[in-house]
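Q: Hi! Could you walk me through this structure, one question at a time?
A: Happy to. Let's open it up.

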Amino acid sequence: MNKIEVLGPGCSRCKETFRVVRHVVEQAGLQVEVVKDESIERMMALGLMATPGVVIDGKVVVSGRIPKADEVRRLLGIA
Amino acid sequence: MTTLSPVAPAPRQTIVWQRAVLTGVGLALLVLLYTQLQRIAGFVTYDLVSLTRGSHLASAVEFFIFEVPKVLLLLTGVVFVVGVMRSFFTPERARQLLAGKREASGNVLAALFGIATPFCSCSAVPLFIGFVTAGVPLGVTFSFLISAPMVNEVALVLLFGLFGWKVAGLYLATGLGIAIIAGWIIGRLKLERHVEPWVWQIQSGSAAADVSKTWTDRLTDGRAAVREIVGKVWLYVVLGIAVGAGIHGYVPTNFMASFMGRDVWWAVPLAVLLGVPMYSNAAGIIPIVQALLGKGAALGTVLAFMMAVIALSLPEMIILRKVLRPVLIATFIGVVATGILVVGYLFNAVM
């Protein structure tokens, strides 16, 4: 795993999602890049139409909702 | 993802069953509680607190004790069911079904999808681009964008709980009607050139599917919706009902009739004009609706006000300005506001 992207136009739900993901990654001490991308182009390239979205290595795993920390851990395979 | 939860399958199965049974028992208890609320409210008001039957205070207190748990229970139930239902609908699926649809039938479908699909106004831009670049007609896209905020489950529950199924049904039917007709009109006006040109250049990727869901996931979605929505609006609901209870007990009816009654022709346009720039969620606006109705304002006027507040908002217009030129935004506001105006007059005439 190299990169986790949090996509969204910068609304509060997107910021909350970014916070959750970053918290999980930091807590687990993972060496992975977490970026927040607010560009429409990136969302469209991935076909994402509901924000916030979480993307792991170019694959959309969450769309249109704020994931809980447990779910993020499961998605990252560290549950 | 190839890495899955390391939990062994057997205990996981047991957990699923335990959860299903617990959910069932919980639901049964809630239904039982719901049916007994009138009795409990009466008991607390007259036996426990011993207020005098027929007094203003007793009537207000009984109303409050009955309505608060009733509306909160209804809200929790409906938001849960809607949350589970929405796990079946994604914008990606709506887009697949709507792409290449003809107008008219496409508008109807889009308005229905608008209710069923989870939507937040911050997703309006990616959703709009995703739809139009995949070949969903502009008017059909607008039907979706209008019905998504307009027909709102929280508003529906509150209207049902506080005013009965007729008002709730009217709101649902007319909200859908406006979304269908306004979208159809926007489609007929051929305004595609008023979409910002860069939108058409965007290469929209194939449907990004959220990982396929099990029933456990769907129930989790339902609970998450309850936490997010009920957690956000419960205070408005309680405050609103408190105001309503005060009105119920004390304020003489027909107080508002002179300036928001059905005989005042300019009341509906004024309500829409006031409502359009205002921005509030349904839970925040319905207490006001209740207060106005309780004082004798006409139903059509009040519904028009509510629809204008929740369906058209300044923040959403600013977000949409990124992809729409002013002419199209103005047309959008104009058509929807006219629809709301018609609904207002219609109700004032028939109710």
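Q: Leaving aside neighbours within four places in sequence, which residues is I129(B) in contact with?
A: This is a predicted model, and in it I129(B) contacts I40(A), M44(A), W198(B), V199(B), I202(B) and V323(B), with neighbours up to four places away in sequence left out.

Q: And what about the largest nonpolar core, how many residues does it have?
A: That core has 100 residues. I129(B) is among those with the most contacts inside it, along with F128(B), I129(B)'s partners on that list F142(B), M306(B), L324(B), F332(B) and I340(B).

Q: Which helix gives the largest share of this core?
A: Helix α15 of chain B, residues 299–311, which supplies 11 residues.

Q: What does a second, separate core include?
A: That one has 16 residues, including V6(A), V20(A), V61(A) and V62(A). In soluble globular proteins, nonpolar side chains tend to be buried together.

Q: New topic: is T17(A) buried or exposed?
A: T17(A) is buried, because its relative accessibility is 0%. You'll find T17(A) in helix α1 of chain A, residues 12–28.

Q: What does T17(A) touch, not counting residues up to four places away in sequence?
A: T17(A) touches V6(A), P52(A), V54(A), R65(A), I66(A) and P67(A).

Q: Now the surface: which residues make the nonpolar patch of about 540 Å²?
A: W17(B), V21(B), V25(B), L29(B) and L32(B) make that patch.

Q: Where does L32(B) lie, then?
A: In helix α1 of chain B, residues 9–35. L32(B) counts as exposed because its relative accessible area is 52%, and exposed means over 50%.

Key:
Residues are numbered from 1 along each chain as its sequence is written. Chains are lettered from A and ligands numbered from 1 in the order in which they are written. This is a predicted model: local features need pLDDT of at least 70, side-chain atom pairs count only at pLDDT 80 or more; totals for chains, interfaces and linings use all residues. Side-chain values use heavy atoms; hydrogens and water are left out. Patches are made of residues with over 30% relative accessible area and no salt bridge: like charges are joined within 9 Å, nonpolar side chains (Val, Leu, Ile, Met, Phe, Trp, Tyr) within 5 Å. Accessible areas come from the Shrake-Rupley method with a 1.4 Å probe; for residues, only the protein chains shown count as cover. A salt bridge is a side-chain nitrogen of Lys or Arg within 4 Å of a carboxyl oxygen of Asp or Glu. Helices (H or I, at least four residues) and strands (E, at least two) are DSSP runs, numbered from the N terminus. Buried means under 20% relative accessible area, exposed over 50%, partly exposed in between (1.4 Å probe, protein chains only). A nonpolar core is a set of buried Ala, Val, Leu, Ile, Met, Phe, Trp, Tyr and Cys residues joined through side-chain atoms within 4.5 Å. Contact means heavy atoms within 4.5 Å.
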